[in-house]
Number of protein chains: 2
Amino acid sequence: MESGRPYSRLLSRLERYGPLEHHERQRISELPLTVTNVSAHQPITLQGDKPSRCTLVLGGFLYTHKMASGGRRQITSLLVPGDFADLQALHLHNVDCNLSALGPAVVAFVAPAALNDMLNRSPRLAQALWRETFIEAAIYREWVTNLGRRESIARVSHLICELASRLQTVDLARNLCFSIPLTQAELADACGISSVHANRVVQELRRLELVEWDSRQVRIRNWSGLARTGDFSAEYLQLPFCVEEAAPLEERVSEEA
Amino acid sequence: MESGRPYSRLLSRLERYGPLEHHERQRISELPLTVTNVSAHQPITLQGDKPSRCTLVLGGFLYTHKMASGGRRQITSLLVPGDFADLQALHLHNVDCNLSALGPAVVAFVAPAALNDMLNRSPRLAQALWRETFIEAAIYREWVTNLGRRESIARVSHLICELASRLQTVDLARNLCFSIPLTQAELADACGISSVHANRVVQELRRLELVEWDSRQVRIRNWSGLARTGDFSAEYLQLPFCVEEAAPLEERVSEEA
DNA sequence: CGACCGATTGACACAGCTCAAATGAAGTGG
DNA sequence: CCACTTCATTTGAGCTGTGTCAATCGGTCG
């Protein structure tokens, strides 16, 4: 559970498109945060709640999910350190999905009023956070495509590629390895498949020598093969660097290892 | 193709959560718009483009879509009059999906710079548009759930309920009837099913006396039945009124007709 | 009239689901 | 240090929702 100053990952995130000014970084560092540990599967916000806080992920992973009829659950997003989980609390009056921790996690709560106050003083910070909202929407569009038009092995491959790319930007996926407490049942709920089938897909990815995945440790053995299988192209993530530069480079390293 | 003043639907949209001040409405009405007719299936923006304008839907319907491998297409959102189709042009540098017109439509293009200029002067307008972005994200979460965890008849029913609700707020769905130039193949691409199966689902909805759907005219014959079949609940749309008030009321009217 | 497009139908195939049980790993308490 | 529980993973077998392929039908337009 990496710490550093709590807002450091957020800062580097907001500066992806260009540096902030000193007083802007200052304002962020002055935000009143309530840092909290949440344990695995602990619900943070429930659908139907009136939002009273915004949640910044400092360490670990959160996820949002909705229930469909028949007790079927869909994970609608995965949140990694540096992500704001529920910025919509700033402007919406009711919460449309559940927010929980995947494994043990560290979050920082911010009062919407305090955040709004900061954003009113700093239009550029407001723009930077709005931009994060647009990126979130782009990720949703890709998930819609993934769920609607790809078969199961591609869905899982695509999700792994996305996670690796996003985690690289916060330096949590070196050599195309990363650690995530995602069970096969949760993988299934994110990919819209059954947990039995998720297991078979993971085995197939192992057999194809694309991915190793044991006890929360994911290792991509063949990035380009996995990206091909998952029909993955990182443009939608709006990353500051080209994956063509970053990922295959890492791949070479990991293949020597 | 309804007109009125081009920004009138946008205004009523932004005022859903509270009235704007006179000078704010003024600023919107002074936005330099380029009103344009687009013909059916005409691409407006393509994936990979550098965004150069924001597109406001004045009349008709637009949709965004992405291609998956094997030529499979997924419609990622449907846009109705009053919607901004690509606000992300304000802050993102590349376009992640295609934008086209479903049938003939009327749009207004706004230069991002002009929009940004207006938003910098009016923080409340910026907040109002940011709120629309959050609602868009909530809709995406529901689509993810729809595609991931509902079977085909529920997916289609859910989509119809969503469209009816959204169109009601812009007064384009009285008595639970609305007109939309959506072919069964496009319905299929929105719901992640094959067009053959979309046809069978539509027939089943007719047989169950839930929906009539002939040549672009959709008539919901049994709102509560359709909402039940589609596992639909409108909270995620963040509408200013309760559907429980509006929709069943309309239903009574339409059932007498 | 021919061309085209969207809706419709039938037959068959298969990806992925459900049910059910077994295996393995990790922790708990006696 | 061993029973016992718990939870995640794995496997097998049969079922089904949905896809694919290939026609046909019906309306519309030039």
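Reader: At its relative accessibility, does A:His41 count as buried, exposed or partly exposed, and what is its relative accessibility?

Author: This is a predicted model, in which local features need pLDDT of at least 70 and side-chain atom pairs count only at pLDDT 80 or more, while totals for chains, interfaces and linings use all residues. Residues are numbered from 1 along each chain as its sequence is written, chains are lettered from A and ligands numbered from 1 in the order in which they are written, and side-chain values use heavy atoms, with hydrogens and water left out.

A:His41 counts as partly exposed, at 47% relative accessibility. Here buried means under 20% relative accessible area, exposed means over 50%, and partly exposed lies in between (1.4 Å probe, protein chains only). A:His41 sits in the loop between β1 (33-38) and β2 (43-45) of chain A; strands (E, at least two residues) and helices (H or I, at least four) are DSSP runs, numbered from the N terminus. The phi angle of A:His41 is near 65 degrees, a positive value in a residue other than glycine.

A:Asn175 also has a positive phi, near 55 degrees, and is likewise a residue other than glycine. A:Asn175 belongs to the loop between α5 (152-169) and β8 (177-179) of chain A, and is partly exposed, with a relative accessible area of 33%.

The C-alpha trace of chain A spans about 55 × 45 × 30 Å along its principal axes. Of the 257 residues in chain A, 59% are buried. Among contacts in chain A with a separation of 6 or more, 74% are between residues 24 or more positions apart, a contact being heavy atoms within 4.5 Å.

B:Ser165, in helix α5 (residues 152-169) of chain B, is buried, with a relative accessible area of 1%. B:Ser165 and B:Leu237 are 72 residues apart in sequence and 8.4 Å apart in space, C-alpha to C-alpha.
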